[in-house]
Amino acid sequence: MITVAAYFSLSDCTNATSTTCGAGSFIYYAAFVDGTTAATTTCCTSSANSSIYVYCVPYVGTGTSCTANTITPNHVTQAMVQPRVQPQITEEERERLRVLREEQQRQAAEERRQREAAMGRAKSLLLEHLNEHQRETFERNGWFVVEGGKSKKQYRINPAAHAGNVTEMNGDKPAHSYCAHIPYQFPSFDNALAQKLALEVDEHAFLKVANKRAA
Amino acid sequence: MLHEMQLMDTTGHTSLTWDPDVESEVATARAAFEDAKKRGLQAFHIGKGGRQSDRMETFDPQAEKMVLIPQLRGG
């Protein structure tokens, strides 16, 4: 029984016009759907028939030239013939795929729009809860500083990151960073506001849950 | 003057306002507050005019502004 070892597309055949055959090597045949073989050692027979299957089978001859007689359709069962060439799709299927692709693109655009709208709303909410100095710092640097409600330490909050974005300041120098945040599906500006409120109102609770690292 | 509750959610936030003199509006706001607390959100009463903000465990219809945020977790 001949094992079909590999499959090639029609474009592969154009490079296989001279094939050296020997024990263990492969020859290429183009076969029509009805099982007849092309009487040639080259792959590229008439491509008018779009149902050409191309397959590669082990050489079973004894010479160095490949002939069509070496392999006959009888040696290859229908189950072994699997075309690499894409089967033709119907117009109906093409239309179905087009509609599906458009729907996926529409959904992706809508999700992007919703994410951007949520970020905008969250940023407005954060700005509403900053004092004038915090707002100016944020507009200038992208971060703002809050005072710990208990210790009066200064904490810099950077809304660009969701985690590890709270830094305890020692003057102008960062001393430690803290990681405590709300779930990631919330916009990062909401996260920054939550951190601000927690530090100002219940600093101890924030520090208890936050992971502390050297800055 | 209308009082306001801001509930954080994945759309950014949802705002709910109520007139503390209108019982039905207070009831709606209270229900929203209690539902949020059941879902694990923390409530903060936002201080105004120099007043410090603080936590809220129960709904206060006289609180002019409150923000409800999800729990913070260590990361």
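Predicted model: local features only at pLDDT ≥ 70, side-chain atom pairs only at ≥ 80, totals over all residues.
**View 1. Chain A meets chain B.** Let's start with the whole interface: 30 residues of chain A and 24 residues of chain B take part in the contact. Together the two sides bury about 2100 Å², and carbon and sulfur atoms contribute 64% of that area. On the side of chain A, the residues that lose the most area to chain B are A:Arg121, A:Leu197 and A:Val201, which together account for 25% of what that side buries.

**View 2. Polar links across the interface.** Nine residue pairs are in polar contact between chain A and chain B, counting pairs with both residues at pLDDT 80 or more. The interface of the two chains also holds two salt bridges. One of them joins the side chains of A:Asp202 and B:Arg55, with N and O 3.2 Å apart.

**View 3. The elements of chain A that touch chain B.** Five elements of chain A each bring at least two residues to this side: helix H2 (91-128), strand E7 (173-181), helix H4 (188-201), helix H5 (203-209) and strand E8 (211-214). Helix H4 of chain A gives the largest share, with eight residues. If you sort the side of chain A that touches chain B by class, you will find 19 nonpolar, five polar and six charged residues.

**View 4. A strand pairing between the chains.** Here strand E7 of chain A runs antiparallel to strand E6 of chain B (residues 73-74), and two bridges connect them. To find your way in this view, look for A:His181, which faces B:Arg73 of strand E6 in chain B.

View 5. Is A:Glu91 buried or exposed? A:Glu91 counts as exposed because its relative accessibility is 58%, over the 50% cut-off.

**View 6. A:Glu95 and A:Arg98, a turn apart.** Further along, the side chains of A:Glu95 and A:Arg98 form a salt bridge with an N to O distance of 2.6 Å. This pair also sits in helix H2 of chain A, with a spacing of three residues, about one turn of the helix. A:Glu95 is partly exposed, at 37% relative accessibility, and A:Arg98 is partly exposed too, at 32%.

View 7. Which residue does A:Arg113 meet in a salt bridge? The partner is A:Glu110, and the N to O distance between the side chains is 2.9 Å. Helix H2 of chain A holds both residues, three positions apart, or about one turn of the helix. A:Arg113 has a relative accessible area of 46%, so this residue is partly exposed. A:Glu110 is partly exposed as well, with 29%. Finally, salt bridges with shared partners link A:Glu95, A:Arg98 and A:Glu102 into one network.

Key. Residues numbered from 1 in each chain as written. Chains lettered and ligands numbered in written order. Heavy atoms only, no water. Contact = heavy atoms within 4.5 Å. Buried area = accessible area lost by both parts, 1.4 Å probe. Salt bridge = Lys/Arg side-chain N within 4 Å of Asp/Glu carboxyl O. Polar contact = N/O pair within 3.5 Å; in protein donor to acceptor, adjacent residues only side chain to side chain. Helix = DSSP H or I, 4+ residues; strand = E, 2+ residues; numbered from the N terminus. Nonpolar A, V, L, I, M, F, W, Y, C, P; charged D, E, K, R; others polar. Pairing = 2+ DSSP bridges. Buried < 20%, exposed > 50% of the residue type's maximum accessible area, 1.4 Å probe, protein only.
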